[in-house]
Amino acid sequence: MPETTVVVGIAGSGKTEMAMGLLEDRLRGGLKWHQVGYSSFSRSACLEAAQRASRLTGVDCDRLQKEGFFRTIHSSVLRLLGLDPKCILDHESAEGRKFMTEVLGAPRGGETGTLSAKIDEALNWWDLQRARLSRLRRIDEPVGVYKTSDHPDHPRSASVRPDFGVGARTFSNENTGFSEAQNYILPIGGIFNSESSLHAPIREIVFPGERGVTCDKKWPYIQEKLSSGTGWRLGGGGSTGERKNGEIRPEFDKTGSFGEIVTKYETQKRVWGKLDFCDLLFKYAGIRVDDNLEFQETYPEGSIPAEIDLWIVDEFQDCSSILDRCCQRLAEAAGELWLLGDVYQSVYGFSGSEWQIMRSRELQAKEQGRRVVLNRSWRNPEPVIEWGEDILRRDPQYESREPVSETGEGTTGLVEWKELVRLLPLLANSDTMVLSRTWFNLGKVTQFLDSAGIPWKSIQEKQKSRWESPVQIAFVLVLRDLRDGKRISEQDWRRVTEELPQKMDGKELFVRGAKAKWKKIECSQEPKRTLDELEEWGAGPEFADFIRSERWRVDKVLLLDQAIDRFGIDCVRDPGLRLGSCHSAKGLGARNVFVLASSTEKASGAAVDFYEDLFLKYVAITRTRENYRLVVDQMDLARGKPMFWAAPQGFRTFVDLPEGAFRERERHTDEDFEVGGEAAGSLGREVSGGDVRSEGSPGSAAVSEGEVPRDRGEKTRRKADSGAVDGAGEDSYDWISI
């Protein structure tokens, strides 16, 4: 098993940058690129790691990702299973939607009350069950378990396959010396809690005669989650329960209502030879689904990357039970395993992540003196840190990390909804985020911004802003240039012929055939013609008057043109106002952060898990670089509506924004927050939990073989895309018309 170090960092402490620094440090120390694995839960993070390694090693970035393990866990598992990516069933693709329609009668997702919506609800439930392994079968008889490598019939047994390194594959029909039908399936379930029974691999578990389990200390999750109150336990009658405010509350087992859909889905996948993303993890982790939709342990498929010496897993707090098991198997042959994350930023429980996994790993590392605490925030000022700590202190098990700020001054307070409406036009060109518990609550904000003609953009992948229209923006800029007597290029003219109709008000704008002709011409970007010189390109006699009289300024073009005059082209291309849910804001930051206190019945009050609510509030507050405000609607308070109160309990002070909050943000530069300058010192290693730093002291002992670089470059990712205008494709969203 690898030597495991757990890095715990408060919000804005530079966990990802530390991971990148560790990667670079090991490569400089002589480790080869193919001896390093870097995994995160986003492809962009893995790409950044590959780019860092490429600059040091000189190896092409694409090769590092294709031949190496700078990959997400899913991607790594796919490679080690040796499967063709074409077998993957992606529900969002055209092929996936066709499959779902043929098999279940409708694609996944749709209007409430439709078959598509029911299918989506059933498969969401099924995805959650598989992510958390909630349906491992109960057993009442003791079972003897061999170590995997000692079992004489296992493909990894020395008698069958002495060398099982990278590139080796195990297929279900391969002659491995044991029958696939009777492959010593070991159903595990009732003796564990229902959520994380797989945290100990089969080869490390011994089942005693009495009802209970002993587990190797390398895999401590089972004992910890059974003996502590921080996890889930299996309730009576096989139903699962989850903790809320320190209690166990039962959750309805929806197998009956969803069983028919899920059973048909699983059956047809086998018939068509398809695997979804969770099936990949099940194969690699050694889990199968039986005909009753229960999970059973079997032998894992795929190989272990034996050449990897260092494996780094970032954002580990977002691991689910099945992802955690795959992660441990991936790093089984490695010498070092580094896990980075923060329990209190685990906000994806709705998709299966379990913060208890990270907590258990952290406690184990603390006992072994292998926990690293990053307690300096390079994002949050002191008032914001204090509000975040006030939220976390509501957890009775919270152990303070003694956070300190390394930034400038900041402010916190409340603001009324009417005041926010007044401020939004003034903040359009600043660095500002408006967040809410759910996207639904942001509807009144987006409605006001669109009606007032104020540019904004979404930070959520599936909720795009109508202002994110590079083609329309480019078109408006061309018409403005023509009106102002500037020269335009052939590519600009082709865009004009594509966007404008052949006739306007009964008059021809282009000569016959011009629009079709320019679709086929290869165009240059060199400015060549003014408005009066466009006849050679096919402009009609009425075209020049059409432009000069500004009859083109209607609907969406008018709105964009007015916004450019009012806020500037940079703001229209890349708005300073960003909107999103608290979930989507994780990992981001802004100078000013406004969080709506209003919420919905389903996302507030008794319907919300205590820890989910706690973590979301902490994440929302700690996105702030300078000024944080909780937006309160006095009418909601008067009516007693459920509130997402991301502020200290009982706090009722309304505070004005300081003058600096309205300054225009810097563009085309990266706001780097240096972490680890001369005053930063080196990171310390915690010894038996007695070295939690305070007052920003970094400790004395260096991590591992030497000091680990801690530069935190929190890139704002707000650069205007200079190529968005010239190479823009079709806009994804229709524009509003007024």
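Me: At what angle do the axes of helix 4 and helix 10 cross?

Reply: Roughly 60°, and the axes of helix 4 (residues 73–81) and helix 10 (residues 321–330) come within 11 Å. Axes are lines fitted to C-alpha atoms over the stretch in contact, with angles from 0 to 180 degrees between N-to-C directions. This is a predicted model: local features need pLDDT of at least 70, side-chain atom pairs count only at pLDDT 80 or more, and totals for chains, interfaces and linings use all residues. Residues are numbered from 1 along each chain as its sequence is written, and side-chain values use heavy atoms, without hydrogens and water.

Me: Why is helix 4 called oblique to helix 10?

Reply: Angles under 35 degrees count as roughly parallel, over 145 as roughly antiparallel, 65 to 115 as roughly perpendicular and the rest as oblique. The crossing is roughly 60°, so helix 4 is oblique to helix 10.

Me: Which residues of helix 4 meet helix 10?

Reply: Ile73, His74, Ser76, Val77 and Leu80 meet Leu323, Cys326, Cys327 and Leu330 in helix 10. Contact means heavy atoms within 4.5 Å.

Me: What makes the pair of Trp126 and Phe295 tilted?

Reply: Rings of Phe, Tyr and Trp (its six-membered ring) pair if their centres lie within 6.5 Å; planes under 30 degrees apart count as stacked, over 60 as edge-to-face and the rest as tilted. Trp126 and Phe295 are 5.6 Å centre to centre, with 55° between the planes, hence tilted. Trp126 lies in helix 6 (residues 115–132) and Phe295 in strand 9 (residues 295–297), so the pair ties together parts 169 residues apart in sequence.

Note on methods:
Helix = DSSP H or I, 4+ residues; strand = E, 2+ residues; numbered from the N terminus.
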